[in-house]
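Good morning. Please have a look at it first.

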Amino acid sequence: MIKRASVIGLGKLGSPLVASFASHGIPTIGLDINSEYVKALQEGRAPVQETDLQKYIDQYHWVISATSDWEEAVMKSDASFIVVPTPSNPDGSFSNKFVVDACEKIGMALRAKKEFHIVAVVSTIMPESSEDEIIPILEAFSGKRAGIDFGYCYSPALIALGSVIRNFLNPDLVMIGESDKRSGQDLEMFYRAVVGQKPAIHRVGLAEAELAKIALNTFITTKISFANMLGMLSDKLGINVDNVTKIIGSDSRVGSKYLKAGGSYGGPCFPRDNRALARAAERLHMETFLPQATDRTNTQLIQNLYWEIEECLPTRSHSVGVIGLAYKLDTDVVEEAMGTRLAQMLAANRIPVIAYDPLAEKSAKKILDGAVSFASSLEECLKKASVIVVANPYPELANIDPAMLGGKTIIDCWRIVKKNRCLRARHLINERIRGKRIADQESVWLKEHTAACDGCGTLLDELNS
Ligand SMILES: NC(=O)c1ccc[n+]([C@@H]2O[C@H](COP(=O)([O-])OP(=O)(O)OC[C@H]3O[C@@H](n4cnc5c(N)ncnc54)[C@H](O)[C@@H]3O)[C@@H](O)[C@H]2O)c1
């Protein structure tokens, strides 16, 4: 029975995992090779930035501890959850080097432990990694046999940054790949104490869970790229893509989640899990087409955006405002994020960029390295830029004062600005100037709005004269 947990790796996923276990009164000990993270947790500080993490640490510090000592972590817990990085190799597969390193240390600590201990890998790994690489390492370093002397499970997390704790505690499902029934059963009981009775807990073979984790993300990215393909097509047809995806998404066979045309997908999981699935098939001499097409559609979206900016920028010395540098709202992660990639492309082509993303500014600066300037407020970004790209849908954009924008072009990937009636009108007027086709419905709406609104009416008259 698992009553105490150790979490190996206190990064973006590991620290929230500690907090989630602790919130159910489970004594949890964290370990990391980064002594700063260990010290932070020992002192009651969140090692990483994540929604509610500090709040949970403050509230449940009495069951949380941290160490750099592997033996202590193993001895003071009944199961060790490994949440270390598995960086992508150039061929798209994941490297297990950090998992292997952690398993060597855990294996050595297991030598001295008499009680049954479960090792659960949470990090995303390639299919067959557990059987081919990880279990043999644990057995070699512990001198014990998996499934007999110690337990092994693969139990990946299905979370999104910015809502990691909420996702951990309220998952749709939990998956457990098990090396033996006892370990799977123990882990299932442990998770029930954390997530309650509602979520389905799937206990399957190790490679089945390994494949399911990356396949799930690949399915979602396929859906996103599909919606974005419809978005590109709808732009050409001059129609509203949201009306199209609304119809498709209301069919229960499809569902509306992640079926919204908007930005490209990014972050630490979606792009790489998609590529890893293709690589997993390739290793087995099987050709795939879907992951590659999904990836290409995703990249094309940013390229199209760049071309659109070039088209409407008065001169190459005018600034482009990029609103949103993280891969989504509420996170500072800029890995493969649309806004950051776009800013990089613009800067590489010597087009001045003024970016806005208070949460991700620090991490973006490391990548953009002086090539881009940063606005301290949304207003400043809107004021200084000639063309504005909405890469992330900040809710406050729906309420900005249209006077601040004059006749500037807004490329609103998420159609949030258009919720503001005057901005929507100005956006449509700009589209007309640029010779873009406007949907009949939108033209009718524009006529009605400009007849009722003096400011927008005058703007339209000026442009028509
Ligand atoms: N971040 C996400 O959104 C997300 C979502 C699902 C799955 N994952 C997977 O979870 C894993 C961890 O991701 P993350 O985002 O938390 O990474 P991270 O880089 O934020 O954190 C990993 C931590 O592990 C520590 N570490 C490295 N080697 C170690 C070792 N040998 N022993 C102990 N600690 C070690 C690092 O110092 C770091 O603090 C990856 O496999 C990732 O693919 C991440």
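Start with helix α9 (residues 206-237) and helix α10 (residues 241-249): their axes come within 9 Å and cross at roughly 140°. The axes are lines fitted to C-alpha atoms, for helices over the stretch in contact, and the angles run from 0 to 180 degrees between N-to-C directions.

Two notes before I go on. This is a predicted model, in which local features need pLDDT of at least 70 and side-chain atom pairs count only at pLDDT 80 or more, while totals for chains, interfaces and linings use all residues. Residues are numbered from 1 along each chain as its sequence is written.

Which residues make the contact between α9 and α10? From α9 they are Ala227, Leu230, Gly231 and Ser234, and from α10 they are Val241, Val244 and Thr245. In contact means that two C-beta atoms, placed from the backbone, lie within 7 Å. By class, this contact of α9 with α10 has four nonpolar, three polar and no charged residues. Here Ala, Val, Leu, Ile, Met, Phe, Trp, Tyr, Cys and Pro count as nonpolar, Asp, Glu, Lys and Arg as charged, and the others, Gly among them, as polar.

Helix α9 also meets helix α6 (residues 129-142), with axes that come within 9 Å and cross at roughly 110°. That makes α6 roughly perpendicular to α9. Ser129, Ser130 and Glu131 of α6 make the contact with Leu206, Ala207 and Glu210 of α9. Sorted by class, there are two nonpolar, two polar and two charged residues in the contact of α6 with α9.

Now the ligand. Of the 26 residues around the ligand, Gly9, Gly11, Lys12, Leu13 and Ser123 come nearest. The shell residues divide into 16 nonpolar, seven polar and three charged. Helix α5 (residues 97-111) gives the most to this shell, with three residues.

Next, two glutamates with positive phi. Glu128 sits in the loop between β5 (118-121) and α6, and its phi is near 80°. The rule is 20 or more other C-beta atoms within 10 Å for buried, 12 or fewer for exposed, and anything in between for partly exposed. Glu336 has a positive phi of about 50° although it is not a glycine. Its place is in the loop between β9 (320-323) and α13 (338-348), and Glu336 is buried, with 20 other C-beta atoms within 10 Å.

Lys55 is in helix α3 (residues 53-60) and counts as exposed, with 12 C-beta neighbours inside 10 Å. Leu368 lies in helix α14 (residues 361-368) and counts as buried, with 21 such neighbours. Leaving aside neighbours within four places in sequence, Leu368 is in contact with Thr340, Ala343, Gln344 and Ala347.

Methods:
Helices (H or I, at least four residues) and strands (E, at least two) are DSSP runs, numbered from the N terminus. A residue is near a molecule or strand if its C-beta atom, placed from the backbone, lies within 6 Å of it. Angles under 35 degrees count as roughly parallel, over 145 as roughly antiparallel, 65 to 115 as roughly perpendicular and the rest as oblique.
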